[in-house]
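Q: I would like to go through the side-chain contacts and the backbone of this model. Could we look at it together?

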Amino acid sequence: KTLTVPMMENILDEWERTIEFMPRIIVIDYADILACHVPRIEHRHQQNEVWAALRGLAQKRKCLVVTATQADAASYEKDTLRLSNFSEDKRKYGHVTAMWGLNQTLREREMGIMRVNTLIARNDRFNASRCVSLLQCLEIGQPLIASYLVK
């Protein structure tokens, strides 16, 4: 709740000037807790400003920006996330090139399976109902052992 996207840009500018560092990927854990650079607007509008600024960061730096966001409370009752499971503001979808849902039932968690579905793919065709299943063993630090897509 203290770092803003313009503050990140200032840090990246400094790193580029002093150590010639230009990232190809920027990972933010997670965008919903970033401070807004426009503080005197309603929280929902602040979220939109943050996501728009992240899109601008990706375009300006010509790099991949990766982050996470929360789903809504209704997602706890679903096996697979849908576009209706956004939190705070659906305008987030308008700023991303792609967004994926991470899905896992209690049984899948016990078995070390995570299902990933595409929620947004600006430049590609997709079916949000189809999931790629990932086999994992988080206990030994293996988030991906194998993957498969059921046709």
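Q: Which residue forms a salt bridge with Glu 110, and how far apart are the closest N and O atoms?
A: Glu 110 pairs with Arg 107, and the closest N and O atoms are 3.5 Å apart. A salt bridge here is a side-chain nitrogen of Lys or Arg within 4 Å of a carboxyl oxygen of Asp or Glu.

Q: What sort of model is this, and how are residues numbered?
A: This is a predicted model, in which local features need pLDDT of at least 70 and side-chain atom pairs count only at pLDDT 80 or more, while totals for chains, interfaces and linings use all residues. Residues are numbered from 1 along each chain as its sequence is written, and side-chain values use heavy atoms, with hydrogens and water left out.

Q: Back to Glu 110 and Arg 107: where do they lie?
A: Both lie in helix α3 (residues 106-111), three residues apart, about one turn of the helix. Helices (H or I, at least four residues) and strands (E, at least two) are DSSP runs, numbered from the N terminus.

Q: Are Glu 110 and Arg 107 buried or exposed?
A: Both are exposed. Buried means under 20% relative accessible area, exposed over 50%, and partly exposed in between (1.4 Å probe, protein chains only).

Q: How many salt bridges are there?
A: The count comes to seven. One of them joins Glu 9 and Lys 60, with the closest N and O atoms 3.2 Å apart. Glu 9 is in helix α1 (residues 5-19) and Lys 60 in helix α2 (residues 43-61), so this pair ties together parts 51 residues apart in sequence. Glu 9 is buried, at 18% relative accessible area, whereas Lys 60 is partly exposed, at 48%.

Q: What about Arg 115: which side chain does it meet?
A: Arg 115 meets Glu 108 in a salt bridge of 2.6 Å, N to O. Arg 115 is buried at 11% relative accessibility, and Glu 108 is buried at 15%. Elsewhere, salt bridges that share partners join Asp 13, Glu 16 and Arg 61 into one network.

Q: Turning to the backbone, which residues does a cis peptide bond join?
A: It joins Asp 29 and Tyr 30, with omega about -15 degrees. Tyr 30 lies in the loop between β1 (25-28) and α2.

Q: What is phi for Glu 20 and for Lys 62?
A: Phi is near 55 degrees for Glu 20 and near 50 degrees for Lys 62. Most residues other than glycine have a negative phi, and most peptide bonds are trans.

Q: Where are those two?
A: Glu 20 is in the loop between α1 and β1 and is exposed at 65% relative accessibility. Lys 62 is in the loop between α2 and β2 (64-67) and is exposed at 75%.
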